[in-house]
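Take a look at the model below.

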Amino acid sequence: MGGRTCPNSKCMYDEEMHAGECCPLCGAEAREFGFVALGKLLKEKWNVMKLKREEKNAEYVMKRVKFCPKCGSTDVFWASGLPQLWSTWECRKCGYRGPLILEDNKMAAKLRKDYSKKKASQ
Ligand SMILES: [Zn+2]
Ligand SMILES: [Zn+2]
């Protein structure tokens, strides 16, 4: 018992395919595999899937990184301690202190650029 599927082990497609059919993901032509070879191939494919998923997770975490709204630095920390200051953030780089925090990577990159320009012209 085996099956026919995309032979590309770097490709995530693991559905049963017809003879002569091309993989909708990578375009490789379907190949027939014996039971053992198919099992090995599927394992490799699932590894690729797992890696892709982990990559996505890492991307998501990256996007959640906090940036200083003044200089764009990631060197910000939550200045906790006093209850009335529960939402105050502090930046170690520029000394910013306030309730605002940035989570936008693109905007932070722009801020960092502007900030270093400003510093250079001073
Ligand atoms: Zn494929
Ligand atoms: Zn800052």
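Start with a definition: donors are N, O and S atoms within 2.8 Å of the metal (3.2 Å for Na, K and Ca), and water is not among the atoms, so sites may look incomplete. The donors of the zinc ion (ligand 1) are spaced C-x4-C-x11-C-x2-C along the chain.

Some ground rules come next. This is a predicted model, where local features need pLDDT of at least 70, side-chain atom pairs count only at pLDDT 80 or more, and totals for chains, interfaces and linings use all residues. Residues are numbered from 1 along each chain as its sequence is written, chains are lettered from A and ligands numbered from 1 in the order in which they are written, and side-chain values use heavy atoms, with hydrogens and water left out.

Now the overall layout. The protein has 2 helices and 5 strands. Helices (H or I, at least four residues) and strands (E, at least two) are DSSP runs, numbered from the N terminus. Read from the N terminus, the order is β-β-α-β-β-β-α. The radius of gyration is 25 Å, well over the 14 Å that the globule rule gives for 122 residues, so the protein is more spread out than a compact globule. That radius is taken over C-alpha atoms, and the globule rule is 2.2 Å times the number of residues to the power 0.38. Along the principal axes, the C-alpha atoms fill a box of roughly 70 × 40 × 15 Å.

What share of the 122 residues counts as buried? The share is 27%. Buried means under 20% relative accessible area, exposed over 50%, and partly exposed in between (1.4 Å probe, protein chains only). The accessible surface of the protein comes to about 9000 Å². Carbon and sulfur atoms hold 57% of that surface. Accessible areas come from the Shrake-Rupley method with a 1.4 Å probe; for residues, only the protein chains shown count as cover. Contacts tell another part of the story. A contact means heavy atoms within 4.5 Å. Among contacts in the protein with a separation of 6 or more, 46% come from residues 24 or more positions apart.

Return to the zinc ion (ligand 1). Which residues coordinate the zinc ion (ligand 1)? They are Cys6, Cys11, Cys23 and Cys26, each through SG, at 2.2 to 2.3 Å. The 4 donor atoms subtend angles of 100 to 116 degrees, which makes the arrangement tetrahedral. Four donors count as tetrahedral if all angles lie between 85 and 135 degrees; four count as square planar and six as octahedral if opposite donors are over 155 degrees apart and all others between 65 and 115; anything else is irregular. Ideal angles at a metal are 109.5 degrees for four tetrahedral donors, and 90 or 180 degrees for six octahedral ones. Two of the ligands can be checked for cover. Cys6 is buried because its relative accessible area is 0%. Cys11 is buried too, at 5%. Pro24 sits in the loop between strand 1 (3-5) and strand 2 (31-33). Pro24 is exposed, with a relative accessible area of 57%.

Move on to the zinc ion (ligand 2). Cys68, Cys71, Cys91 and Cys94 coordinate this ion through SG at 2.3 Å. The site is tetrahedral, with angles of 108 to 111 degrees among its 4 donor atoms. The spacing along the chain is C-x2-C-x19-C-x2-C. Cys68 lies in the loop between helix 1 (35-63) and strand 3 (76-78), while Cys94 lies in the loop between strand 4 (89-91) and strand 5 (97-98). The pair is 26 residues apart and links distant parts of the chain. Why does Cys94 count as buried? Its relative accessibility is 17%. Cys91 is buried as well, at 4%. As for disulfides (pairs of cysteine sulfur atoms within 2.5 Å), the structure holds 0.

Ser73 belongs to the loop between helix 1 and strand 3. Ser73 is buried, with a relative accessible area of 7%. Beyond its neighbours within four places in sequence, Ser73 touches residues including Cys68, Cys91 and Arg112.

Finish toward the end of the chain. Pro99 lies in the loop between strand 5 and helix 2. Pro99 is exposed, at 60% relative accessible area. Leaving aside neighbours within four places in sequence, Pro99 is in contact with Ser87 and Trp89. The C-alpha atoms of Pro99 and Trp89 are 5.8 Å apart. Ser116 is placed in helix 2 (residues 105-121). Ser116 is partly exposed, with a relative accessible area of 44%.
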